[in-house]
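Please look over the sequence and the structure shown here before reading on, and keep both at hand while following the text.

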Amino acid sequence: MDSKSILERLAATAARSLPAEGAAVLLPATAEGCPVVGAVYGVAADDVKVLADWANLGLQPFVVEESSASALPPGFVTAMAALLGSASCPLGALQVYGAPPRQFGPPDAERLQALAELGTVALELARRTAEMEQLEATKSQFIHVATHELRSPVAVAQSLVRMVLKGYAGPLSDQHREIFGRIAGRLDFLENLVNDLLALAATRSPALAEETGPVAVNASLGRVALLLMPQAEEKGITLTHIACCEEMVVRATEDGLDRIFVNLVNNAIKYTPSGGRVTISLRPLDDHVQVQIADTGIGIPAEALPHLFQEFYRAPNARSSGIVGTGLGLVTVKELVEQYGGRIEVESTEGVGTVFTVTFPRTQILN
Amino acid sequence: MNKILIIEDDPDMVVALRLPLEANGYQVFTASSGEEGLQKVVEIEPDLIILDVMMETTTAGFQVSLQLRSPSPDSPYAAYRHIPILILTAIHTTTSLRFGPDEAYLPVNDFLDKPVDPDTLLTKVRALMGEAQS
């Protein structure tokens, strides 16, 4: 619920519960000038005027005298104003309007006062929500800027190193070749780290989140298998995608779902030695869909399992294997899976292999 | 038939592009901004333009390609509309943006991802120059 809709809810609730034909929430002026209209119900914002000086509004709402009818929006003959906040810290005013034959009296004033007290809480909530929205906007802006600022120098450095390694800066001695090769390796790692960090930050930023919708799991796995097949073949690993019978659809984003499976299949290929197998399969399970990614790789030792989904964590055998990794892939996978209402489980035997199981609730296709 | 204009604001990237191109006999000219780039197109009449998608502003590369390919008959670049454009891009994995040549939005001939691989660069340059010849 954003800050604006909280104020609208307050105005609507005031009007419906009194009852009154119209209501408005007024907020303090920004910088200089008059109080501003925060929300309206049943009246036009332009017709709303300040009914009472907030410094004079005490614990009793102010009931507008008939003689002051010119301060009212057209069509309305009676009104009340109650203070939001307190005399020492006025946060605004809640004004309600009545059309004939309505005339506000003491019981209405009492009810308005009670509403104003609740309204003060709502206003504080709206203010904090607005602050959080601003913070989120700042965070997403930071991510966008960081994306370019971090990636750009790394990409340029990689380009330069490639030119040197391919001989375009002159012939290379063996030592030069070796050292530039090492630099290239560290730069590639840095590139992966930047990408993984930014992907994780984006996953955690609601402001950057795309609208979820129905996404076909079968198609996503097909895309991922196609993408990673060359990598598997190059390493001499048999990648098998066992397609399933019926179309299975979940509520997610295409990019998010692809990222989950790319990370899991990529890991499987990375940590499986040449000659091994990686198998992708899926099946319906009641009203869920279950995806399994199984490999005959180095496996995960039991003591590593509780830490597997922590940021930057890599199992001891992964670290000593010489295989490069950022330790951010699985935490990103878990957060995305949970965002889509699913869960992830892992079973593994060191030296034999690993199975990751991801389960999502199915959704209706909306065509 | 071998003049290449590189419009790129990062001097290190210019070096990375220049090395393989000059080693293969191309004559390389450079501009460090979109504005300077447009001036040099008129001055030099290159056979190929290599353009970075993002320079001093996020849309600098787009602006240059749109101006060069402007269909307006009064465009100062009407005589240069035929020059092939190779655009350098960095794929952003945090958005779902999928680049593709687009008549209205991004009128270019081909893309090259950063980091630049010299072999890929040369293959694309040769293809674009070859196309222009026929």
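In which loop of chain B is Pro115(B) found? Pro115(B) is found in the loop between β5 (110-113) and α4 (118-133) of chain B, where helices (H or I, at least four residues) and strands (E, at least two) are DSSP runs numbered from the N terminus. This is a predicted model, in which local features need pLDDT of at least 70 and side-chain atom pairs count only at pLDDT 80 or more, while totals for chains, interfaces and linings use all residues. Residues are numbered from 1 along each chain as its sequence is written, and chains are lettered from A and ligands numbered from 1 in the order in which they are written.

The peptide bond leading from Lys114(B) to Pro115(B) is cis, with omega near 0°. In chain A, a cis peptide bond with omega of about 0° joins Leu18(A) and Pro19(A), and Pro19(A) has its place in the loop between α1 and β1.

Turning to the sheet of chain A, 5 strands form an open arrangement in the order β2-β1-β5-β4-β3, with antiparallel pairing; two strands pair if DSSP finds at least two bridges between them. Because β2 (36-41) and β3 (62-63) of chain A stand at the edges with a single partner strand each, one side of each is left without a neighbour in the sheet. Helix α1 (residues 3-17) of chain A packs on this sheet, touching β1, β2 and β5 (90-98), and its direction makes about 50° with that of β2(A); contact requires C-beta atoms, placed from the backbone, within 7 Å, and axes are lines fitted to C-alpha atoms, for helices over the stretch in contact, with angles running from 0 to 180 degrees between N-to-C directions.

Helix α2 (residues 106-165) of chain A lies across β3, β4 (78-85) and β5, running at about 40° to β4(A). With helix α3 (residues 174-203) of chain A, α2(A) packs at an angle of about 160°, the axes being 10 Å apart, which makes α2(A) roughly antiparallel to α3(A), a term for angles over 145 degrees.

Key: Two residues are in contact if their C-beta atoms, placed from the backbone, lie within 7 Å. Angles under 35 degrees count as roughly parallel, over 145 as roughly antiparallel, 65 to 115 as roughly perpendicular and the rest as oblique.
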